[in-house]
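Thanks for coming, everyone. I'll take a few minutes to walk you through one structure. Please have a look at it first.

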Amino acid sequence: MKKGNKLSIKSFALAAFAAKAIAVLVVVMLAQHADAQKVVFVDTEYILKNIPAYETANEQLEQLSKKYESEVKAQMEEVQKLYETYRTESVFLTNDMKVKKENEIIEKEQNAKKLQQQYFGQNGELFKQREVLIQPIQEQVYNAIQSLAAEKSYSAVLDKSSNIGLLFSDQNLDVSDQILTRLGYGTKKK
């Protein structure tokens, strides 16, 4: 029986090796087929950094963010001062006066939080400005990519800067500089 077990183990190992070899062969054949598909990639982060309007828009958004942040911070500091004053004076206040001061503090805090939401919320002013300033530039880049892909008959254009899990890319397949040229911007060597 031991010989039979050894034989079946050898057969199993041979079958496993054959399956692995077939899998490698299939992968190689698919890779050759994918090569015929004309797949290229772009680095949108690199492209956008080389567009002066994008950098200007980001600077404007940064300044606006700092302005909004300082306004919210000022209101929160005012709330903190009111609270500290209340804590020190509360021993001298009647219950009605305490309630009035507490409500004043709560209202100021709620107003500060509303302002924060108005500026930084999901549909806040900063988000809206980002759409106004950045989205048209992103659309120009996307349209240039589509145009180049149609012109050169690319089957797929992958974005190297996104989290798609691109482990390796041949620099010869990077068409980012062609996109910048198509948009009318000079290129910088990476």
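First, the ground rules. This is a predicted model, where local features need pLDDT of at least 70, side-chain atom pairs count only at pLDDT 80 or more, and totals for chains, interfaces and linings use all residues. Residues are numbered from 1 along each chain as its sequence is written, and side-chain values use heavy atoms, with hydrogens and water left out.

Start with helix α4. Helices here are DSSP runs of H or I with at least four residues, strands are runs of E with at least two, and both are numbered from the N terminus. α4 covers residues 95–120, which is 26 residues. From first C-alpha to last, α4 reaches 37 Å, close to the 38 Å expected at 1.5 Å a residue. That expected span is 1.5 Å times one less than the number of residues.

Which residues of α4 are buried? They are I105, A112, L115 and Y119. Buried means under 20% relative accessible area, exposed means over 50%, and partly exposed is in between, with a 1.4 Å probe and protein chains only. What covers these α4 residues includes α3, residues 52–89, and α5, residues 125–152.

Now α5 itself. It has 28 residues and reaches 40 Å, close to the 40 Å expected. Where does α5 bend? At I134, by about 40°, and a proline, P136, follows within four residues. The bend is the angle between axes fitted to the seven residues ending at a residue and the seven starting there.

A nonpolar core is a set of buried Ala, Val, Leu, Ile, Met, Phe, Trp, Tyr and Cys residues joined through side-chain atoms within 4.5 Å. The largest one has 26 residues. Inside it, I47, I51, V141 and I179 have the most contacts. Two or more residues each come from β1, α2, α3, α4, α5 and α6. The largest share, eight residues, is from α5.

Take I51 as an example. Contact means heavy atoms within 4.5 Å. Leaving aside neighbours within four places in sequence, I51 touches I137, V141, L180, L183 and Y185.

Next, charges. How many salt bridges does a search of the whole structure find? Five. A salt bridge needs a side-chain nitrogen of Lys or Arg within 4 Å of a carboxyl oxygen of Asp or Glu.

One joins K108 and E78, with the closest N and O atoms 3.1 Å apart. K108 is in α4 and E78 in α3, so this pair ties together parts that are 30 residues apart in sequence. K108 is partly exposed, at 31% relative accessibility. E78 is partly exposed too, at 37%.

Another joins E151 and R182, again with closest N and O atoms 3.1 Å apart. E151 belongs to α5 and R182 to α6 (residues 176–183), 31 residues away in the chain. E151 is exposed, at 52%. R182 is partly exposed, at 34%.

E109 pairs with K113, and their closest N and O atoms are 4.0 Å apart. Being four residues apart, they are separated by about one helical turn.

Last, the rings. Two aromatic pairs turn up. Rings of Phe, Tyr and Trp (its six-membered ring) pair if their centres lie within 6.5 Å; planes under 30 degrees apart are stacked, over 60 edge-to-face, and the rest tilted. Y68 and Y119 are stacked, 3.7 Å centre to centre, with 5° between the planes. Y68 sits in α3 and Y119 in α4, so the pair ties together parts 51 residues apart in sequence. Y68 is buried at 8%, and Y119 is buried at 10%.

Y68 also pairs with F120, edge-to-face, at 6.3 Å and 85°. F120 is partly exposed, at 34%. Together, Y68, Y119 and F120 form a cluster linked by ring pairs.
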